[in-house]
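Colleague: I would like to learn how to read the packing in a model like this one. Can we take it feature by feature?

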Amino acid sequence: MMKEFIAVDKSTVYDVCLNTYGTLNLLAKLMNDSNHLGIDVHPLAGQIFLYDENLVNVQANQNLAKNYSITAGDAQIKFATQG
């Protein structure tokens, strides 16, 4: 099932990929599914990216008691590295 992720200011497509899939191994899929033009094109704040929640790489050692969910949508903390 495809889910939506909303990019934040000063993020890169790498940030979006890590925020959605938890790995860069699915970067090409994320870019293709979201019609993103290239790795050198920075996402705009509010831009929607589509990702397959069935492919999310959630590490087994996470503390899920803290209500953390990669599919939490807007409630999830989103990281951006562009300075």
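Colleague: How many aromatic pairs are there, by your rule?

Modeller: Keep in mind that this is a predicted model. Two rings pair if their centres lie within 6.5 Å, and planes over 60 degrees apart count as edge-to-face. Here the count is 1 aromatic pair. Tyr21 and Tyr51 form it, edge-to-face, at 5.9 Å centre to centre with 85° between the planes.

Colleague: Which parts does the pair tie together?

Modeller: Tyr21 sits in the loop between helix 1 and helix 2, and Tyr51 in strand 2, so the pair links parts that are 30 residues apart in sequence.

Colleague: Are Tyr21 and Tyr51 buried or exposed?

Modeller: Both Tyr21 and Tyr51 are buried.

Colleague: What makes up the largest nonpolar core?

Modeller: The general idea first. In soluble globular proteins, nonpolar side chains tend to be buried together. In this model the largest nonpolar core has 12 residues, including Tyr21, Tyr51, Phe5, Val16, Leu30 and Phe49. Helix 1 (13-20), helix 2 (27-33) and strand 2 (48-52) each give two or more residues to this core.

Colleague: What does Val16 touch, beyond residues up to four places away in sequence?

Modeller: Val16 touches Phe5, Ala7, Ser11, Leu30, Pro43 and Phe49.

Colleague: Why is helix 1 described as largely enclosed?

Modeller: Count its buried residues. They are 6 of the 8 in helix 1, so the rest of the structure largely encloses it. The buried ones are Val13, Asp15, Val16, Cys17, Asn19 and Thr20. Their cover includes strand 1 (2-6), helix 2 and strand 2.

Colleague: What follows helix 1?

Modeller: Gly22 follows helix 1, with a positive phi near 80°.

Key. Residues are numbered from 1 along each chain as its sequence is written. This is a predicted model: local features need pLDDT of at least 70, side-chain atom pairs count only at pLDDT 80 or more; totals for chains, interfaces and linings use all residues. Side-chain values use heavy atoms; hydrogens and water are left out. A nonpolar core is a set of buried Ala, Val, Leu, Ile, Met, Phe, Trp, Tyr and Cys residues joined through side-chain atoms within 4.5 Å. Buried means under 20% relative accessible area, exposed over 50%, partly exposed in between (1.4 Å probe, protein chains only). Helices (H or I, at least four residues) and strands (E, at least two) are DSSP runs, numbered from the N terminus. Contact means heavy atoms within 4.5 Å. Rings of Phe, Tyr and Trp (its six-membered ring) pair if their centres lie within 6.5 Å; planes under 30 degrees apart count as stacked, over 60 as edge-to-face and the rest as tilted.
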